[in-house]
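Dear colleague,

I am passing on the structure we spoke of, and my notes on it follow below. Please read them with the coordinates open.

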Protein chains: 2
Amino acid sequence: MNPVAELLQPEVQELIREKRFTELREALHLVAPADVADILAGLDPAETAAGFRVLQHDDAARVFSYLDSEKQEALIKALGAETTVAIVEEMRPDDRVRLLDELPAEVAQRIVASLSPEERKLTQAILGYPHGTVGRIMTPDYIRIRPDWTIAQALAEVRRQGRDAETINVLYVVDNEGRLIDDMRLRQVLLADPAQTVESLMTRSFISLKADQDQEQAVHAMARYDRIALPVVDSRGLLVGIVTADDVADVAEEETTEDIQKLGGMEALDDPYITVPILELVRKRITWLAALFIGEMATATAMSGFEEEIQRAAVLATFVPLIVSSGGNSGSQATSLIIRSLAIGELTLADWWRVMRRELACGALLGAGLGCIGIVRVNVWGWMGWFKKKAETGAGFTPESLLAQSHFELLGITIGVAVLGVVLWGTVIGSMLPFVLKRLHLDPATSSAPFVATLVDVVGVLIYFWTAVVILRGTLL
Amino acid sequence: MNPVAELLQPEVQELIREKRFTELREALHLVAPADVADILAGLDPAETAAGFRVLQHDDAARVFSYLDSEKQEALIKALGAETTVAIVEEMRPDDRVRLLDELPAEVAQRIVASLSPEERKLTQAILGYPHGTVGRIMTPDYIRIRPDWTIAQALAEVRRQGRDAETINVLYVVDNEGRLIDDMRLRQVLLADPAQTVESLMTRSFISLKADQDQEQAVHAMARYDRIALPVVDSRGLLVGIVTADDVADVAEEETTEDIQKLGGMEALDDPYITVPILELVRKRITWLAALFIGEMATATAMSGFEEEIQRAAVLATFVPLIVSSGGNSGSQATSLIIRSLAIGELTLADWWRVMRRELACGALLGAGLGCIGIVRVNVWGWMGWFKKKAETGAGFTPESLLAQSHFELLGITIGVAVLGVVLWGTVIGSMLPFVLKRLHLDPATSSAPFVATLVDVVGVLIYFWTAVVILRGTLL
């Protein structure tokens with residue numbers, strides 16, 4: 001819980017228990033709605049409802065928007081139909097739609113039907129746009145002015161509409177048909193001569209979003225143009241709403257969460273981790289896990305082709321996890337880098353060849369580095385074994401012991417070469433797979449670390465054993 | 001490149017080549033600065049500089065802020081000291097500091113020294129806060145009013161300061177010492193009676209940030225309270241600046257990028273992927289890769305303890321990558337889920353036991369699911385081998401073939417049990433490691449998919465071979 005909320009909760013609880021409701025209302029009016037939501041959500045259900053009834057209607061609506069969907073549903077039951085509708089009526093249309101989306105369909109329908117005709121119309125307009133579109137997160141509360149008005153008329157309109165509007169930093173100029181023709185900062189209007197017309201200030205250059213665009217486009221446009229609100233038009237260019245920075249930030253956070261979950265090798269969750277039921281969580285995870293498990297079975301098939309070699313030199317098998325994991329790890333680095341760069345627009349499809357060249361260079365250097373560590377490891381291990389044996393048996397250098405030592409040197413070279421090959425392969429696969437997926441209009445984030453590791457493992461086993469057969473034939477094999 | 005920029009670039013190039021500079025200035029004044037930056041950055045350096053000289057000074061400053069640091073440096077060289085200082089003087093203080101941070105120290109110092117005394121003071125105040133603090137991203141352009149003023153006076157101040165202020169949606173009330181005592185929405189002020197005092201509207205409840213707080217706190221506060229700007233105070237409570245939603249969004253994007261890079265198993269990059277030199281890229285990746293490689297060597301040591309078993313039944317070794325990877329994959333899922341939930345505050349340290357219980361349940365179900373697939377695979381494989389042999393040799397059921405078949409059944413059970421154990425282990429490690437790191441005040445995102453996979457692999461090998469020894473003793477082993 002937030003420290004502010006934590007500090008105030010005992011006091012709020014006391015005021016509720018002692019039924020000092022007037023004091024409570026005044027106190028909570030001064031606390032930020034997000035904190036009031038935290039405080040009330042932490043109380044037991046009856047107290048939460050009691051606290052809610054005390055709030056001023058517009059305060060209640062704002063606090064309600066900050067509760068998570070479980071709490072909202074519980075509270076709707078506790079408050080009864082009449083109070084619920086009064087609160088929902090006061091909510092901002094975009095918050096209201098988010099609530100209705102989460103409620104069971106019949107409850108949502110009942111609430112919509114009970115709204116005032118005006119609010120019902122606004123709500124249904126937003127509900128008419130599909131999930132994930134800009135239209136679904138817009139608000140119809142903004143200030144529209146006309147080009148033939150004077151600045152004084154425009155300011156009067158700001159005063160009239162300002163109470164409801166989400167932001168009054170920007171005014172939107174529409175023509176007779178309601179088509180968006182310009183936007184204007186309030187500061188321009190405040191600084192202008194009141195007798196001037198709006199038209200005389202117009203540049204007719206503005207950035208707008210389309211209501212049926214993907215929400216991700218809103219995130220990118222908002223970041224690119226450093227705006228705190230952008231107007232939304234329908235297919236005919238009619239102004240239908242605005243999206244504000246706070247709603248877009250929520251969308252950006254959700255999309256990043258989805259990307260990270262996909263990168264972890266699973267389907268994205270629809271709700272916060274802790275509220276998703278266990279079986280749903282298993283369902284979202286088992287699909288990819290099973291697919292990867294079945295894919296990884298190819299490593300067993302690949303290795304079974306070398307069963308004879310393994311029987312002859314079991315030591316070969318002991319290095320398999322080391323070698324294949326080095327490919328998986330370098331692939332995981334490459335794919336994370338590229339997926340994120342694609343997501344924030346640092347890279348586009350056209351850059352694939354530039355990336356390929358960079359990653360070939362990186363992969364070769366990384367592979368050579370790890371390969372050297374591998375060679376050192378095998379040789380140190382070999383010599384340690386030799387000294388141990390010498391200490392146990394007391395034997396000095398014998399032709400056999402020297403031969404065994406030279407085998408270790410060859411094994412070291414095998415490991416070094418295989419690691420170089422596997423790391424290079426991992427780097428290339430990890431960096432190119434996101435491009436391939438994007439080219440196929442799939443989400444690059446699907447190219448998760450586990451997915452890349454699985455692709456790399458199968459080929460990694462083959463690279464390793466082929467290298468071993470070539471280098472060790474006639475000695476260990 | 002952005003479609004708008006792409007469309008306009010040929011025209012801009014033509015105007016520059018034909019030296020129609022007045023037309024160019026007017027045209028570019030109507031285009032969003034982010035797009036102008038894209039257009040000019042796409043031209044050759046001489047044309048970029050020519051285009052820049054044409055821009056109005058305040059336009060030039062805003063466009064300049066949108067260029068990446070390489071382009072900014074090149075342009076500073078091309079434009080010469082005088083023009084550069086004129087542009088930097090017009091930049092918003094927060095954008096200016098970001099530029100100075102990227103420039104070589106001597107160039108930055110020379111520019112700061114050439115600024116007007118007022119702008120120099122503002123710039124140095126921001127530069128005085130350490131990197132990564134709220135003070136470093138704040139802007140001193142905001143509107144401050146006094147409690148004893150009338151609303152009419154406050155509005156006059158809005159008109160006076162409004163030209164420079166980054167946002168005029170919120171006014172900040174300070175006392176005689178400059179201490180922040182309230183904030184007020186412009187709409188409240190616009191709607192109030194001009195003869196009223198500011199004090200009569202005050203609630204004295206406001207949200208503020210401290211200048212020396214971590215920037216991440218600004219991201220969380222902005223998201224929590226749905227604000228587009230927050231005031232920043234120093235340790236004595238004096239108002240020193242505001243941070244705005246667009247700057248905070250940049251911080252949030254950078255932090256997510258760092259998290260994703262760490263999740264991929266590497267150090268976070270300081271610059272965009274494509275601009276980082278190859279050797280720097282290798283350096284950021286090799287540290288973790290080498291550490292993981294050395295850690296993974298323990299799998300070879302673990303497996304070498306079972307060399308005899310592998311020699312007796314090489315088939316055991318062929319399942320090692322399949323089994324250890326199932327642990328790595330389930331661990332990757334768990335760690336991604338938990339890291340993200342911790343990052344966005346859905347989970348706190350106190351939730352660890354709740355998460356543990358959920359993940360034990362998930363891990364058991366996921367492990368059982370994959371284990372069953374493994375059992376089926378081994379048995380199908382066994383029977384296929386049997387039928388193949390039968391077709392080749394023409395032999396029917398013999399005591400030996402039945403015995404071999406029963407071995408496959410036991411091998412299947414071994415694989416099934418081992419997968420269950422390894423997946424459960426991976427899930428628990430993957431979900432608990434982020435909590436452990438956070439408890440130790442380390443970044444949970446360090447618990448990357450490759451890190452978890454490596455931890456799980458070593459124990460995974462042991463789980464597998466121990467299971468095999470127990471179940472297969474006396475038959476295959």
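At roughly what angle do the axes of helix 17 and helix 18 of chain A cross, and within what distance do they come? In this predicted model, the axes of helix 17 (residues 320-343) and helix 18 (residues 352-393) of chain A cross at roughly 150 degrees and come within 12 Å. Because an angle over 145 degrees counts as roughly antiparallel, helix 17 of chain A is roughly antiparallel to helix 18 of chain A. The crossing of these two helices is right-handed. Helix 17 of chain A contributes Ser326(A), Ser330(A), Ala334(A) and Ile338(A) to the contact, while helix 18 of chain A contributes Val355(A), Glu359(A), Gly363(A), Leu366(A) and Leu370(A); by class, the residues of this contact are five nonpolar, three polar and one charged.

I also looked at strand 5 of chain A (residues 229-233), which is mostly covered, with four of its five residues buried. Strand 5 of chain A runs parallel to strand 4 (residues 209-210) of chain A, to which two bridges join it, and Val233(A) is the bridge partner of Lys210(A). Five bridges join strand 5 of chain A to strand 6 (residues 239-244) of chain A in an antiparallel arrangement, where Val233(A) stands opposite Leu239(A). Strands 5 and 6 of chain A form a hairpin with five residues between them, and Gly237(A), in the turn, has a positive phi of about 85 degrees.

Finally, the contact between the chains takes 96 residues from chain A and 97 residues from chain B, and the side of chain B that touches chain A has 55 nonpolar, 26 polar and 16 charged residues.

With best regards

Key: Residues numbered from 1 in each chain as written. Chains lettered and ligands numbered in written order. Predicted model: local features only at pLDDT ≥ 70, side-chain atom pairs only at ≥ 80, totals over all residues. Buried ≥ 20, exposed ≤ 12 C-beta atoms within 10 Å, placed from the backbone. Pairing = 2+ DSSP bridges. Contact = placed C-beta atoms within 7 Å. Nonpolar A, V, L, I, M, F, W, Y, C, P; charged D, E, K, R; others polar. Axes fitted to C-alpha atoms, helices over the stretch in contact; angles between N-to-C directions. Parallel < 35°, antiparallel > 145°, perpendicular 65-115°, else oblique. Left-handed = near helix turned anticlockwise from the far one by under 90°.
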